[in-house]
Amino acid sequence: MKLIAVADCYNGRLEHSKELWGDDIFTTRDYGEILARKDIDAVIVGTPDHWHKKASVDAMKAGKDVYCEKPMIHLYADGPEMIETARATKRILQVGSQRVSSAIYAKAKELLAAGAIGKLNMVTARWDRNSSMGAWNYTVPPDASPETCDWPRFLGAAPKIAFNAEQFFQWRKWKAYGAEWQATCLCIYLAERTSLPDRMADARDGDRRAALLKDGRDVPDVMLGLFDYRRGST
């Protein structure tokens, strides 16, 4: 497998891709130029969540296989179109969640099924990143501007607002571009291999954090969840 093209809305990332993979890498702000190439078999969709469906569907319709990062969709209604497009075009659509694909998780399930650890009564899982970067305060490059960032293309179907460097580079803090809550962003790492619970409750505790940070975010970044498996399923 060889990487031959990169698309991004920020010039700095396009320049960095050449530093990493060589000057012969084709770079563009418009991923449509990549999909039009006959020498490309598959694409990686690593965009803000609100572009996952469109980029994936466009790629499959262009005859490319797709590896789409998690979460698969931004809105629940996006899912059926992606699935139907994969079926209609007969292209591969793989959704990646990285860590839970590890053999360690498969082994844990095997040991549980074999009774090696006894009867399972409760599982406690935690994922935290107690840092500013972990709270999605990603670095905003000093050269960020409407000239170096393709703001209209980044917005796509999102509400049209004036250029905002923080929203461009720290997009996870806003529902217009990313997950509405933590479950689709980080908890998927912990919950993907579980079956559906009988009951589920969650408490989203984002207001206090947002009030403390005063950065305009509208996505809660603290969440507690309780999954009740009354049938004893695993």
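Student: In which sense do S3 and strand S4 (residues 65-69) pair, and over how many bridges?

Tutor: They pair in the parallel sense, over four bridges. Two strands pair if DSSP finds at least two bridges between them. One such link joins Val43 to Val66, its bridge partner in S4. Please keep in mind that this is a predicted model, where local features need pLDDT of at least 70 and side-chain atom pairs count only at pLDDT 80 or more, while totals for chains, interfaces and linings use all residues. Residues are numbered from 1 along each chain as its sequence is written, and side-chain values use heavy atoms, with hydrogens and water left out.

Student: What is the strand order in the open sheet?

Tutor: The order is S3-S4-S5, three strands with parallel pairing. Strand S3 (42-45) and strand S5 (93-96) are the edges; each has a single partner strand, so one side of each has no neighbour in the sheet. From one strand to the next, the twist averages 15 degrees. Such angles run from 0 to 180 degrees between N-to-C directions, with axes fitted to C-alpha atoms, for helices over the stretch in contact.

Student: Which residues of S3 are on its covered face, and which on its uncovered one?

Tutor: In a regular strand the side chains alternate between the two faces of the sheet. In S3, Val43 and Val45 make up the covered face, and Ala42 and Ile44 the uncovered one.

Student: Which helix lies across S3, S4 and S5?

Tutor: Helix H3 (residues 52-61) does, running at about 170 degrees to S4.

Student: Which residues are buried in H1?

Tutor: Buried means under 20% relative accessible area, exposed over 50%, and partly exposed in between (1.4 Å probe, protein chains only). An α-helix has 3.6 residues a turn, so residues three or four places apart point the same way. In helix H1 (residues 11-21), the buried residues are Gly12, Leu14 and Ser17. The buried residues of H1 pack against strand S1 (5-7) and strand S2 (26-28). Just after H1, Gly22 has a positive phi of about 105 degrees.

Student: What about the whole protein?

Tutor: Of its 234 residues, 32% are buried. Contact means heavy atoms within 4.5 Å. Among contacts between residues at least 6 apart in sequence, 60% join residues at least 24 apart.

How values were computed. Helix = DSSP H or I, 4+ residues; strand = E, 2+ residues; numbered from the N terminus.
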